[in-house]
Amino acid sequence: MNQPADTSPDQVPTGAIAVPQPHGRPGDEPDFSHLEFPPVGSARRPAVDESPAQMRELAYGLIRVLDADGAAGGEWNPSLSGETMRRALRAMVLTRTFDDRMFRAHRQGKTSFYMKCTGEEAIGCAQAMVLGKDDMFFPTYRVQGILITRDYPLVQMMNQIYSNASDPLQGRQLPILYSARDYGFFSLSGNVGTQYCQAVGWAMANTYKNNTNIASAFIGDGSTATYDFHHALNFAAVYRAPVILNITNNQWAISSFQGIAGGEQTTFAARGIGFGLPALRVDGNDFLAVYAATDWAAQRARKGLGATVIEFYTYRAEGHSTSDDPSKYRPKDEAAHWPMGDPIKRLKQHLIALGEWSEEQHAAMEAELFAQVRTAAREAEAVGTLGQSRPPVGKMFEQVFTAPDWRLERQRQEVEGQ
Amino acid sequence: MSTMNMIQALNSAMDVMMERDPTVLVFGEDAGYFGGVFRATDGLQRKYGVSRCFDAPIAEGGIVATAIGMGANGLRPVVEIQFVDYIYPAYDQLVSEAARLRYRSNGEFSAPITVRSPYGGGIMGGQTHSQSPEAIFTHVPGLKTVIPSTPYDAKGMLISAIEDDDPVIFLEPKRIYNGPFDGHHDRPLQPWAMHPASEVPAGHYTVPLGSADIRRSGKAVTVLAYGTMVYVALAAVAESGIDAEVIDLRSLVPLDLETIEASVKKTGRCVIVHEAPQTSGFAGELIALIQQHCFYHLEAPIERVTGWDTPYPHAFEWDYFVSPARVAAALRRAVEAV
């Protein structure tokens, strides 16, 4: 199945374009045997001021801390306290619980749209724990764990998703495209990639203002193909901006596997090398590895040593969005076979192995967080779900400019007059 | 007061704002050490240092994106796009991001950026050094689009743009950087020094965005123009002997509808002049507004004299560029109708 086109140099061109194909399609058995994962501890942890040229191997390897048995090891082990790891586990479980609830709310017709981050919870949650609220995230739509880890009110997220009268964005924005300045979470845009280089500008402003705050930008594997990705890496390198340039490689951009974005030619991390940036490739389902890599990159940035590119290698366990059916383009149940497992299960296993956690505690926490999400949902739904409640229509004309011009005033009057 | 051409006035505006406000930064391709290919940023890096005025990689999308990030983080970047013909790689950043950031975040973030760019034809610039794409910005909610036509306005409007908390597309008619060109390419160009609007205050002053300027009072017909076309229109009025009122719009968004409306209601006739191609050009919007607001005062069809619906050509420069003769013919049609 799906043999790549023959591009060996001694072949006369055949007229067949070399279009990359994924290793499995619907009807195939999930199979990741073609992937090779370097063992835990095989990646060295350089000093933060080491030259990017000396650490190129890290762009091709994989930084891992947790092994298959839940033991932590290697130079990248951040050696977190039990308390910190329990907080991390809680944030990830809460994120998944929230996702499940809101996905169901969509299926119940309470909103128009939702996107889960199932399987990718470690990435947003770890970064939110490493960085402070004065560091600005330029997120994608799939790192809601940042807001949840930082205790942004769940009910506010839901109000935004329902576009109801209490929506902090006044019903102007598609569900999940949050904005939360006080939580270090930049306004999300539907245009993928656009914010990657804005983060570089934000970071340059921090340098100019002579503070040590940094920016952290996210992009998906698919969106690395945009020119914004190139701009961000180049500007970040040229101006030595204090920014972390994260790439979440979850293998899929809607229905396109990561090979369509260029993932078969080299790693996404390795693209940083050409710009002279240090580049790390990290197991994105390993909370401790994500935490350690983020911490390393943040230290570099705060010391004025510039940007770091980090590829988080993970798997998009669910559909792209509520509008997507992944069984149309990939093997059923592929997520369950992802060799790097599930980020929540792995950290839980680690904590239990350390004697810092138990199945009973975990079950109790799940029940508690389920109740927390349900309470928030009831509160938001009491305000109203989509179509049942919304901000005053005059809000449609506000914030286009600092002050509305005569056109907007007249148009508002026309709408309100009806 | 000093005598300045438009480049010197623009340079002075940036100098004044950099002096007053440490959050003002200037950058763009060749804008730093060299001072810009048109010299608009000359001396700013020397005076304010490389952190305030610097060269950028050749990446318009990257330049605008970093400016948006800086703007959201409390700075007031003034960026230069070398020719507006090269602004399209930044179009996504301008339309999808700068224009909407305040709206979509309900005011949590905004992009108080100024994007300066030389625009317009008449310099034998061919297809990619002559364009007038103002209408693709005026169509975007959240962007302000302004075009000065004198050194005095250029400085006052650029200061207003930099101080404005909304993103401003600041288009500079490069044909009149050195003098008010009236379309008579076979005659020597008058330098700005011979024009009263070249008297420019050395310090801080503003010309508000959203206000038009009546450049010649008249009773027979209203002429709406901006940029280089203001001088082409004034020449056409002088040569036709028609008592036209010439309004320099200066700002397309926000638009000074009040001044337009008062003039057209007085004259009952209107000719609109711009360099950009005709179809979906800004004249179309003006015609719609005038028809809506002045219908019962109109005594003739509204005329528009514009560039042709072709890419901007090289060898046919003076067949394409709107001439005083074409404007004069439209003026005659307007005043002779019915």
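Colleague: Which residues of α4(A) are buried?

Modeller: This is a predicted model. In it, A:L154, A:V155, A:M157, A:M158, A:N159, A:Q160, A:I161 and A:Y162 are the buried residues of α4(A).

Colleague: Why is helix α4 of chain A called largely enclosed?

Modeller: Because eight of its nine residues, in the run 154–162, are buried. So the rest of the structure largely encloses the helix.

Colleague: What do the buried residues of α4(A) pack against?

Modeller: Three helices of chain A: α1 (82–107), α3 (145–149) and α9 (359–383). After α4(A) comes A:S163, with a positive phi near 50°.

Colleague: What makes A:Q198 buried?

Modeller: Its relative accessible area is 0%. The cut-off for buried is under 20%. A:Q198 is therefore buried.

Colleague: Where does A:Q198 lie, and what is it in contact with?

Modeller: A:Q198 sits in helix α5 of chain A. Leaving aside neighbours within four places in sequence, its contacts are A:F138 and A:F186, plus B:A65, B:I68, B:G69, B:Q93 and B:E97 from chain B.

Colleague: How do you know that the side chain of A:Q198 makes a polar contact with the backbone oxygen of A:T194?

Modeller: The side chain reaches that oxygen at 3.3 Å. The limit for such a pair is within 3.5 Å.

Colleague: Which residues touch the most other members of the largest nonpolar core?

Modeller: A:Y196, A:V200, A:V243, A:L245, B:L224, B:L249 and B:I290, out of 86 residues in that core. Helix α5 of chain A (residues 194–208) gives the most to this core, with eight residues. Another core, of 76 residues, lies apart from it; A:V48, A:M158, A:I176 and A:W357 are among its members.

Colleague: What does A:Y196 touch?

Modeller: Beyond four places in sequence, A:Y196 touches A:A217, A:F218, A:I219, A:D228, A:F229, A:A232, A:L233, A:L245, A:N246 and A:I247.

Colleague: Why is B:N5 called buried?

Modeller: Because its relative accessible area is 17%, and buried means under 20%. B:N5 is placed in the loop between β1 (2–3) and α1 (6–20) of chain B.

Colleague: What is 6.4 Å from B:N5 in space, C-alpha to C-alpha?

Modeller: B:Y177, which is 172 residues apart from B:N5 in sequence. B:N5 touches B:Y177, as well as B:P151, B:N178 and B:W192, not counting residues up to four places away in sequence.

Colleague: How many cavities of 30 Å³ or more does the structure hold?

Modeller: One. The largest cavity has about 40 Å³ of space. Its lining includes A:V400, B:R102, B:D165 and B:D166. By class, that lining has five nonpolar, two polar and three charged residues.

Colleague: What is the volume of the largest pocket, and which residues are closest to its centre?

Modeller: The volume is about 980 Å³. Of 38 lining residues, A:R407, A:Q411, B:H139, B:V140 and B:P141 are the closest to the centre. Elements giving two or more residues to the lining include α10 (406–417) of chain A and α10 (282–294) of chain B. The lining has 19 nonpolar, twelve polar and seven charged residues.

Key
Residues are numbered from 1 along each chain as its sequence is written. Chains are lettered from A and ligands numbered from 1 in the order in which they are written. This is a predicted model: local features need pLDDT of at least 70, side-chain atom pairs count only at pLDDT 80 or more; totals for chains, interfaces and linings use all residues. Side-chain values use heavy atoms; hydrogens and water are left out. A nonpolar core is a set of buried Ala, Val, Leu, Ile, Met, Phe, Trp, Tyr and Cys residues joined through side-chain atoms within 4.5 Å. Buried means under 20% relative accessible area, exposed over 50%, partly exposed in between (1.4 Å probe, protein chains only). Helices (H or I, at least four residues) and strands (E, at least two) are DSSP runs, numbered from the N terminus. Contact means heavy atoms within 4.5 Å. On a 1 Å grid over the protein atoms alone, a cavity is a set of points where a 1.4 Å probe fits but cannot get out, and a pocket is an open set with protein on both sides within 12 Å along at least five of seven lines; lining residues have an atom within 4 Å of a point. Grid points are joined across faces, edges and corners, and a volume is the space filled by probe spheres set on the points. Ala, Val, Leu, Ile, Met, Phe, Trp, Tyr, Cys and Pro count as nonpolar, Asp, Glu, Lys and Arg as charged, and the others, Gly among them, as polar. A polar contact is a pair of N or O atoms within 3.5 Å; within protein, one must be able to donate a hydrogen and the other to accept it, and residues adjacent in sequence count only if both atoms are side-chain atoms.
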